[in-house]
2 protein chains.
Amino acid sequence: LVGAGTDRTKPLFEGGPAIVLVRPQLAVNIGMCARAMANFGLSDLRLVSPREGWPRTGARRKGAYAAAAGAVHLLEQARVYDSVAEAVADLHFVWATTARERGQVKRIEAPAVAMAETAAALDLGEKHGIVFGPERTGLDNDDIALASAILTFPVNPAYGSLNLAQAVLLCGYEFFKARQGGAVPFERIERSPPAQHEMTLSFFAFVEEKLDAAGFFRPESKRPVMQRNLRNMFHRMNLTQQDVRTFWGAIVRLVDGPRVKPQTRKRVRPKKPGAAKAAEPQEPGA
Amino acid sequence: LVGAGTDRTKPLFEGGPAIVLVRPQLAVNIGMCARAMANFGLSDLRLVSPREGWPRTGARRKGAYAAAAGAVHLLEQARVYDSVAEAVADLHFVWATTARERGQVKRIEAPAVAMAETAAALDLGEKHGIVFGPERTGLDNDDIALASAILTFPVNPAYGSLNLAQAVLLCGYEFFKARQGGAVPFERIERSPPAQHEMTLSFFAFVEEKLDAAGFFRPESKRPVMQRNLRNMFHRMNLTQQDVRTFWGAIVRLVDGPRVKPQTRKRVRPKKPGAAKAAEPQEPGA
């Protein structure tokens, strides 16, 4: 995959819900979370009592920065708090992420529903956050009690353990999808314009004439169904004008054999019933 | 997060589209992909010419197995091929993942659409696969040409670099969502039954009587709107029967002050207009 990396010439999305990591155990995981946030345009990282401290110099900080890849700006902007209550004080709505049932009467949503709600609320000027517990244990019940609702992940029940950065990634992914309407970052490349029906029908007539001459439609009684099948195969390709020209040229070559040298070249022009000008045969790549 | 891990007492999903890793550079990334697959019930892992070889003994194998967490069975079942063509030979439909436009006229879909299509096709007995390129470079154009269509990820354009396991994770997540209809792995806990309207109205009458006695509704002209607002606040909580009993008990204590000792206890029973039997006051936790 990969290929893109950080590219400051492209639109940079920022904002989104706050990502609150509660007592994260490893600095490297904080870095991986920052990377996952940047992938989906989240930029508000908050840390509650990180076990290895934050920020700090030395190997741990280095590990976090390496794991963040190009998203070190998120680490540098990260705010550190002593308690979950302080970390979420300015937020209007807080999702607590949990991997299992936690005995609290709260609404439970999957990321797609939760993040669609958050994206809509952010558009109205609200501030939302998502709280993630420590890697091994998840959130305390007291941390969960601070949240407005629970966010959990639809996972294989027998193998439900997501790592911290993956959980952040899935939230970011669904938030970005909701914000962007799921648009992909690039579209199908510019194609030749689609072939108009006149052109396609001329092509079919040409192909069928050649196949007929080659004795393809046998027995004669099967001709209608064979023709229909063949036409449907081509229709399924949604032929462009260039596609038709390419096929036409290929069939001319198959029928007539290799081109003879230019000086003795005999120009072969297929007969095109109702020949459309646009449908002239061409070699592939012409 | 976390909390669940591998739990063989719970339903284990297997199958799903084949995950084809083409020339993966690091064994540890193969392990992380296996873990992401297991999270979402995918089990068909295929490797094309892994750079570090596969399987092998030593540190690299160990790193891959550690990264796979409980999903080592996927590593053990993984099949190794010399070419992409061989790896996808038995598949009916192949998605090529790319992070950028690759100049090929193919359909391009985001994971949500692609995996919904794949889940539906698998139900009909087809075999689908998703091909991922090496970490740094992504798929060759020749690899992409083998695919039926392109799968790409809606990401922050300025920060489009997903790591290999994250790309696998997002595909698995969308596949599992499509297969399961997005159901979360646990539901809201059993709540006390919702309060019937008779109970809620008795509670409102009780509260308003106490507030009235305490001189809360001032000026008198504001009483209707104050009452309405208060009732709406309670309605928004979707009160359960237990909630009503808890509030009722709390207000009794607020009004009457601390309970006196049992021997001299004066039993306080609030007046309940139209008192519903179910609405008896109770201390929280009673």
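A: Contact means heavy atoms within 4.5 Å. This is a predicted model, where local features need pLDDT of at least 70, side-chain atom pairs count only at pLDDT 80 or more, and totals for chains, interfaces and linings use all residues. Residues are numbered from 1 along each chain as its sequence is written, chains are lettered from A and ligands numbered from 1 in the order in which they are written, and side-chain values use heavy atoms, with hydrogens and water left out.

Q: What is the mean pLDDT of chain A?

A: Chain A has a mean pLDDT of 83, with 85% of its residues at 70 or more. Over residues 1-5 of chain A, though, pLDDT is below 50, and that stretch has 24 contacts beyond near neighbours in sequence. Residues 273-286 of chain A also stay under 50, and there the model has 30 contacts beyond four places in sequence. For the model, ipTM is 0.71 and pTM is 0.74.

Q: At roughly what angle do H8(B) and H10(B) cross?

A: Helices are DSSP runs (H or I, at least four residues), numbered from the N terminus. Axes are lines fitted to C-alpha atoms, for helices over the stretch in contact, and angles run from 0 to 180 degrees between N-to-C directions. H8(B) and H10(B), residues 241-256 of chain B, cross at roughly 15°, their axes coming within 11 Å. That makes H8(B) roughly parallel to H10(B) (angles under 35 degrees count as roughly parallel, over 145 as roughly antiparallel, 65 to 115 as roughly perpendicular and the rest as oblique).

Q: And which residues of H8(B) meet H10(B)?

A: Among them are B:Phe203, B:Phe206 and B:Val207, while the H10(B) side includes B:Trp248 and B:Ile251.

Q: What about H8(B) and H9(B): at what angle do their axes cross?

A: Helix H8 (residues 197-213) and helix H9 (residues 223-235) of chain B cross at roughly 135°, with axes coming within 11 Å. H8(B) and H9(B) are therefore oblique to each other.

Notes
Helix = DSSP H or I, 4+ residues; strand = E, 2+ residues; numbered from the N terminus. pLDDT = per-residue confidence, 0-100.
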